[in-house]
Amino acid sequence: MRLVFSIALLTSYSATVVGFSCQSPAFIASNSRDVNKGSPKGLNMKRLSSSLHMSTLPQQVNETKTDFLANKDLPKEKEDAFPGATIVNGKIDTISEANPDLYVMRPRSDPQTTSWEGIRSQLVKHFKFDPQDLEKYENEMEDKKSLLEIYKAMQLARQFEVACNKQYMAGKIRGFMHLDNGQESIPAFMKMALQNTDKKYSYYREHCHALASGVDPGKIMAELCMKDGGTCRGAGGSMHIYDKPTRFQGGWALVAEQLPYGAGAAKSILLDRELGLGEEDLDDGDVVKVDAHSDCNDRDWEQIQERIKAPYPLTGDGDNRMAVVFVGDGGSQNGRLPEILNACSSQKLPLLIVVIDNGRAINTFTKDVASNTFKYTLGEHYSVPGILVDGCNAVDVAKAGKAVTDYVRGGNGPAVMQIHTYRFMGHSPADPEHERGRKDEKAWAREFCDPIKEFEKKYISSGILLPAELEAAKKEMQTIVEDAVRFADASPDPPANLAKDLEYPTPIDTDYNVLAPPSFAESVNARTISKDQMHAITQHLEDLRAKAVAGHITISEAANLAIHEEMLRDPTTTIQAEDLQAGSSYGIPGFTQQTYGKLRASDEIIDEGHFIGKGIGEAMNGYRPIIELMNTNFGIYGMAEIASAGNTYLQSGGQFKLPITILGAGGTAPDQALGAEHSQPLHAYIMGIPGLKIATASSPEAAYGITKSMIRDDGPCFLIFPVKMMRDIKGTVDLGKCMPLKAALLHEASPESVKAGKAVTVLTYLHGVKESFNSIEEIKSNGFDIDLIELRALKPLDMETVRSSLERTNKLIILDESTKSGGVGATISSRIAEEMFDLLDAPVMRLSMDDAPVPYASVMEKIVVKRGADLVEGVRKICSGEV
């Protein structure tokens, strides 16, 4: 019998046609079908095995001449006859000429490409390896000790996932759980190729990746079982394993979100090399930055600059760390992948991207939704090499993985490794798996594509390993897993208040002025900022400080001054923005790249989600990134990353504090004339994100002081400046001082107005501050007065300042720069009603933006956006008893 399979045209470096082998198709189904009735029959494994002699198929392949039928055109009735095959533009992927009732849904990878000889060819062609240098990988992975290590890694993964499934069925593990059975060659590769100090990012199917990284199995199991002894104290669960000592930096549940985080982690390694910093492991499991170099002097200055300012940074003094990020083949179709390929290639970041290609996007057959499933070829457009390997052959995966990681460690930049594998379990035990062909595919793969079975068969038959040796190794791993289950069972539940305790890593009443800078600041500045650069930035700062003293400094200048002071105070402070070298739109990051270089102050592609994500990766690895948004509305592109920034401190059980500051100009001013998309209240959109501190600053004083405070905060912070006031408002600043994240009383109503019941507390922020100030005289002329409070902290909300005013006035108006539905004012109003109802003599008045989009034309915009005139009328009404 001849089985004929389709040709797959790979858009790879070789640009050659590669055929799928009939050695081991991913899914050969008996699908006899009555074309008229259209009723398929199920997979008959026994008949298939007998008729195709599949137990001896690998031996027969070498003797069988393979013909190919490439995307054969089929009549409509023939298409209907093969429901399991992929139909693209009227063509069918794979059918058998000899028996049209057999079809291949997803073959194993072509052995010409993924055998060791094929892998060698890929490494030589795509990675420019010398063929002779590749022999060491074969020798290293084929010795008995390494083979047993590979086998143990696979068995530990398999046994652990089997135990997880039992615990899930017993109700000890809840929620979503994603098992990795069938993909054990991946943790085996990790065990053999990665180091403890490498940064590791995974997705929600990460149990085995954590195991292979050296994370304690008992802690992983306890985490899954909601216990305090878990890696994250029960706060993360199955999809969110973190372990700081092993640099395992997450499972992440939003598909593909981990990709830019991995890029940011890789960038942190280059930052360490450029700044001369290292990592020190503390006894409590924390990892901190330390000075890895002695102070430089004038003599070696040029030599140091030659190394760190070169277009392609070297690997550093003995530092061969790298980052690795895992993504499924469904997730690899996300736009985040080409973005990080571009960024990593541009900055030559040491990142390995591992695409776990099990042919399923959740449960959907990936080819049904993707035109290019060969993601290892995508890097060709960015000069990033890629390689395809067969996940059923764990030893070859380990060989290829070790070679590729050595390539990345060597300062060559990023790489992609696609592992063609099969997942034996469903997406999650909670999923029904009704997708076409999935259950039959699993049954076939378990029988013929099991990497553990393949390993045992090969190395027992060759005599290299004895059955007794493998059985002993298996029992050793079973014992480890049994101990892990016992540890989880014995671990106590976490304290009920843990989530609230881990809301913010820096307490809300912190005095940021007393926080000490790193001890290495002076020496790092000396070796990374030239005398000319230091002279230039010192002069720039002196000019800004002179303006501040004279009361002539603007909001944008005040923010710029604060940023420079903090970057000099703490060299781990970095900044990323669009158009950064030109100072962005308002000059907030001005002169940063000219002073600190292109790595610490990096221009980014126009996608806020991408560089916010990279900032998260930096923040998880000892840096304090500042993310300047050209307009804060553009943060909509990064909502997933902003949300994860807020969640991570709790989700990691307090391991990762994530000191990232996102700031920029935003809000909606009267007569702004920017249209709806540039006038969205992002501050309202992000109010519901847990763990995020949100502030506003409508004066140079606030912009300066709050910027400094937020950069020093150990958690994620978001600061918004009023877009139409960046250069118009001028004033003084309290030089060298951080400002507390509190509301500020800007104008106090007279005692006479309070006594007469003619005073109102007005809460506002951003452009509302200017509108309110400009209305005070008119309000007074009408016989009324106001306590004007600027809400410099929207979250957490300073209710004590509000209470102190409301105890005097007993009336409240909120001039709100967000929509009536779901806006900031709605949140404040509800809290006032819940916590201070007895202080109110009248209902809270909300002067909010209308729920309609903000129009461009002023005549329409006046109806939507509230302003000073609305406040004047509101004060009159509430004081006159009309509301």
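# A walk through the chain

Start by selecting Ser-383, which is exposed, with a relative accessible area of 65%. The word exposed means over 50% relative accessible area, buried means under 20%, and partly exposed covers what lies in between (1.4 Å probe, protein chains only). Ser-383 sits in the loop between β17 (364-365) and β18 (386-390). Its phi is near 60 degrees, a positive value in a residue other than glycine. Most residues other than glycine have a negative phi, and most peptide bonds are trans.

Before moving on, please note that this is a predicted model, in which local features need pLDDT of at least 70 and side-chain atom pairs count only at pLDDT 80 or more, while totals for chains, interfaces and linings use all residues. Residues are numbered from 1 along each chain as its sequence is written, and side-chain values use heavy atoms, with hydrogens and water left out.

**The whole chain**

Helices (H or I, at least four residues) and strands (E, at least two) are DSSP runs, numbered from the N terminus. Of the 883 residues of the chain, 59% count as buried. Contact here means heavy atoms within 4.5 Å. Among contacts between residues at least 6 apart in sequence, 78% join residues at least 24 apart.

Next, pick Ala-673, in the loop between β24 (661-666) and α25 (682-685). Ala-673 also has a positive phi, near 60 degrees, and is partly exposed, with a relative accessible area of 38%. Then go to Pro-796, in the loop between β31 (793-795) and α30 (799-809). The peptide bond leading from Lys-795 to Pro-796 is cis, with omega near -5 degrees.

**A covered strand**

Now select β11 (residues 248-252), where 5 of its 5 residues are buried. Two strands pair if DSSP finds at least two bridges between them. On the parallel side, 3 bridges join β9 (residues 199-203) to β11, and Lys-200 stands opposite Phe-248. Strand β10 (residues 242-243) pairs with β11 in the antiparallel sense over 2 bridges, with Tyr-242 as the bridge partner of Gln-249. The hairpin of β10 and β11 has 4 residues between the strands, and Arg-247 takes a positive phi near 60 degrees there.

Show α11 together with α22 (residues 592-600): their axes come within 10 Å and cross at roughly 135 degrees. That makes α11 oblique to α22. Axes are lines fitted to C-alpha atoms, for helices over the stretch in contact, and angles run from 0 to 180 degrees between N-to-C directions. Angles under 35 degrees count as roughly parallel, over 145 as roughly antiparallel, 65 to 115 as roughly perpendicular and the rest as oblique. Display the side chains of Lys-267, Leu-270, Leu-271, Glu-274 and Leu-275 in α11, which meet Tyr-596, Leu-599 and Arg-600 in α22.

**The nonpolar cores**

A nonpolar core is a set of buried Ala, Val, Leu, Ile, Met, Phe, Trp, Tyr and Cys residues joined through side-chain atoms within 4.5 Å. The largest has 76 residues, and those with the most contacts inside it are Leu-351, Ile-353, Leu-791 and Ile-832. Helix α11 (residues 258-275) gives the most to this core, with 8 residues. Centre on Ile-832 to see what it touches: among others, Met-799, Leu-806, Phe-837 and Val-844, not counting residues up to four places away in sequence. A second, separate core of 44 residues includes Leu-561, Ala-577, Tyr-596 and Cys-717.

**The five-strand sheet**

Select the open sheet of 5 strands, with the order β28-β30-β29-β32-β33 and mixed pairing. Strands β28 (744-747) and β33 stand at the edges, each with a single partner strand, so one side of each is left without a neighbour in the sheet. From one strand to the next, the twist averages 25 degrees. Look inside at β29 (residues 759-764) and β32 (residues 812-819), which run parallel and are joined by 4 bridges; Thr-761 stands opposite Leu-812 there. Helix α31 (residues 824-835) packs on the sheet, touching β29, β32 and β33, and its direction makes about 145 degrees with that of β32.

**Last stop**

Finish at Ala-852, in the loop between β33 (845-849) and α32 (858-864). Ala-852 is partly exposed, with a relative accessible area of 32%.
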